[in-house]
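Let's take a friendly walk through a protein model together. Have a look at the structure below, and then we will begin with one of its pockets.

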Amino acid sequence: MPWVRAKLGDGAYRRILRQKQLDGFADASWAEWLAWAYQDVELNPGLTREIQRTTRSELEPMWMKNMAINLPKIRSSELTLRDLKQDPPLNRKCLVLGRGPSVFRDGALGKIADSVIYRKGILDVVATDGILKHCLEVGLAPSFVVTVDGSDIIEKFYSGIDPDSVRSVKAVISTQASPKTVEAVEASRMPIRWFQPGVDSVKAARSVTKHLLLLTCWEGNPNGVVSIDCLGNTGATCFMIAWQTLQRKDICLLGLDMGYPKEMPLEETYYWSTALGVLPPMEASKHYELFHNPATGEDYVIDPVFQVYRNAMFEA
């Protein structure tokens, strides 16, 4: 390992030392702190990191605009993700439902609706917004429905819902959700539990997440909304809510495919146009990997973005 030597003025050294302390590394070596401070710096970022960077830079203005519009409602509400915690945690099974192709096979939703544990009320179902209407069609009312995406298109997942069909459903909504989506949720009369998508650690000295949390504080809710690591997508956020907020030990995942059928043309996959914005077609196609699912015996393709989602789930 190369040695790094540098002359620092007294003021610069004291500021660096203070930052090391603020980051929680007061008793650690300089090497440990520097390794932690720059862990996210990639020497060869590649397509995956470039897609992440491009996507974030394109979406951040929308996220901040949405949050600014939603703030009056957020600051006047006393309901947040924090209210869903049970002490001690309930010993119940939990099912996380995504909208991947596998959820529509073999009448899975109908089987869940007819299952004994669902009918006895001993199964918590945490569903993505995209699967909500499909659930209601078979008489399956999730315990929670979750929205992370800030796009206006999410409104369609809530529009026209009969309030009587979702009386038992709690909506868990991002502070950065589209105001149109928020209005549709309110029209369905589902109580909204707000949460703040985590951008970075709230313990960091210049934490963006912490600053956004402070914006949500008011007299009726002095602690503000709860932040949570969304792992990049709504299905994974549902898992984090089931695991961290509800503190369930037995969690089943269905419809979180994070991939495509092997026979699907690449140009029909969700992030193909994004990949083409970074690389030419021949180069972009090399980043689509083939995997085998030993549980189903099927082959499937994962693009760079789904690779990130998959790895984030494994790390979590």
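Strand β10 gives the most to the lining of the second largest pocket, with four residues. A strand here is a DSSP run of E with at least two residues, a helix is a run of H or I with at least four, and both are numbered from the N terminus. A pocket is an open set of points on a 1 Å grid over the protein atoms alone, where a 1.4 Å probe fits and protein lies on both sides within 12 Å along at least five of seven lines; lining residues have an atom within 4 Å of a point.

Before going further, please note that this is a predicted model, in which local features need pLDDT of at least 70, side-chain atom pairs count only at pLDDT 80 or more, and totals for chains, interfaces and linings use all residues. Residues are numbered from 1 along each chain as its sequence is written, and side-chain values use heavy atoms, leaving out hydrogens and water.

Back to the pocket. Its volume is about 690 Å³, counted as the space filled by probe spheres set on the grid points, which are joined across faces, edges and corners. Of its 23 lining residues, the closest to the centre are L256, D257, M258, N293 and Y300. The elements giving two or more residues to this lining are β7 (251-254), β8, β9, β10 (298-302) and α12.

Now for the aromatic rings: how many aromatic pairs does the structure hold? There are seven aromatic pairs. Rings of Phe, Tyr and Trp (its six-membered ring) pair if their centres lie within 6.5 Å; planes under 30 degrees apart count as stacked, over 60 as edge-to-face and the rest as tilted. The ring centres of Y260 and F306 are 5.2 Å apart and their planes stand at 70°, so this pair is edge-to-face. Y260 in strand β8 (residues 260-261) and F306 in helix α12 (residues 304-315) are 46 residues apart, and their pair links distant parts of the chain. Y260 is buried at 8% relative accessible area, and F306 also counts as buried, at 15%. Buried means under 20% relative accessible area, exposed over 50%, and partly exposed in between (1.4 Å probe, protein chains only).

W272 and Y288 are edge-to-face too, because their ring centres are 5.5 Å apart and their planes are at 65°. Both W272 and Y288 are buried.

Elsewhere, ring pairs join Y13, W30 and W33 into a cluster.
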